[in-house]
Amino acid sequence: MTDVTNQQHTREAQMGDYFALMKPRVMQLVVFTALVGLLVAPVSVNPFIAFVAVLCIAVGAGASGALNMWWDADIDAIMKRTVNRPIPSGAVQPGEALGIGVTLSVFAVVLLFLATNALAAGLLAFTIFFYAVIYSMWLKRSTPQNIVIGGAAGAFPPMIGWAVATGSVSLESVLMFALIFMWTPPHFWALALFVKSDYGDAGVPMLTETHGRDVTRKHILAYCLPLVAVAFGLGFTSIGGPFYLLVAVVLNVWFLRGCYAIWTRTDADSEADKHAVERRTFVVSIYYLFGHFGALLVEALLRTYGLTQWAGW
Amino acid sequence: MALKVEHELHNRRRGRNWGVGLLLLALIGIVFGLTVVKVLGLSDITQMERFDHVARPQLEPGALEAAEKRAAEQAAQRAAEEGEP
């Protein structure tokens, strides 16, 4: 990590600054997918324990975000998108972020272990380690595939939610993991195609800059195809069903069309319409993920009330 | 001398202090709630049924097997008695 302590301590840090260290927008996805993983599991959990479990997963994700901001403070200070983060803006000292990250990581893992089971706590500990060490410290600055491998950290929450309820890892939870894992690259690369980034100035190898935009377009489609297979595969497990498959057909056709369109376009086409297709596909990718997990939740509700009989499922 | 000494720092850090206070209260609430749920066994519905003053032999470990064994012995005894001349 480069020394950023020469930053002036410009203003008093407020609670909001410490909260911003925890990347609250990323936390939304973590909370939602962990909750779905927990609720679709075949074992019911006491509502208070479920609440504490999801809180621990969210705090663990936030802690890894704080560790990431501590480590990346030097490059955050260079990039326009991140220059106002609490450390480069001078509101929070790097040491404070490290302290908060480590403390909250330990707190989240220990409380999750006490509230639920060792497997769930172990998976949470591994997720924090993966994001803070494997992704932030190692992969992010060394390979353009950083997003692909780092995406695993964001894919663990539904698996942890499932482990909270069942105490095990199963095909269903592995496929939920795979859905987010395969979705992350096309989602971020679609964004990278229309956002003017300064990752290059910061020395972070992004695929668009190391291999070019045409290669990125190919990669988007290449990752979308196995993603479709995973999405449909999930529909034939115990947590899938006719409603999920119906939603999956719509969302996959929609997203695949977008990825195909991105692949067939050239940069000149893209510039001409101000990256309209890339922007639309990025938005669709957000609906895609929330739609699939929302459909799994609806399937669980239908099963609870015995309403899956209508399709002979 | 004033009983309440106000320092400029107190005002500057008021928001942070309230935030830390509320977080500590929330932590107490979580630990208390978890203790209640874990100690009373609220996560397992059979633990609640156990104390409803109704005999639930099936809830006792090994009770079902013991009852089946007893029933089998009684049936065998009856069969033996009926078979006697």
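This is a predicted model: local features need pLDDT of at least 70, side-chain atom pairs count only at pLDDT 80 or more; totals for chains, interfaces and linings use all residues.
**View 1. Contact between domain 1 and domain 2 of chain A.** Each domain of chain A contributes to this contact: 26 residues of domain 1 meet 26 residues of domain 2. On the domain 1 side, two or more residues come from each of helix 2 (24-39) and helix 7 (146-166) of chain A. Helix 7 of chain A supplies the largest share of that side, with 10 residues. By class, the domain 1 side that touches domain 2 holds 17 nonpolar, six polar and three charged residues.

**View 2. Contact between chain A and chain B.** Nine residues of chain A and 11 residues of chain B form this contact. On the chain B side, helix 2 (residues 14-39) of chain B gives the most, with seven residues. The side of chain B that touches chain A comprises four nonpolar, four polar and three charged residues.

View 3. UniProt, in an unreviewed entry, annotates residues 20-40 of chain B as "transmembrane region". In the model, this stretch of chain B is 95% helix and 0% strand. The C-alpha atoms at the ends of residues 20-40 of chain B lie 30 Å apart.

Methods. Residues are numbered from 1 along each chain as its sequence is written. Chains are lettered from A and ligands numbered from 1 in the order in which they are written. Two residues are in contact if their C-beta atoms, placed from the backbone, lie within 7 Å. Helices (H or I, at least four residues) and strands (E, at least two) are DSSP runs, numbered from the N terminus. Ala, Val, Leu, Ile, Met, Phe, Trp, Tyr, Cys and Pro count as nonpolar, Asp, Glu, Lys and Arg as charged, and the others, Gly among them, as polar. UniProt positions are given in the numbering used here, feature names are shortened, and annotations may be inferred rather than shown by experiment.
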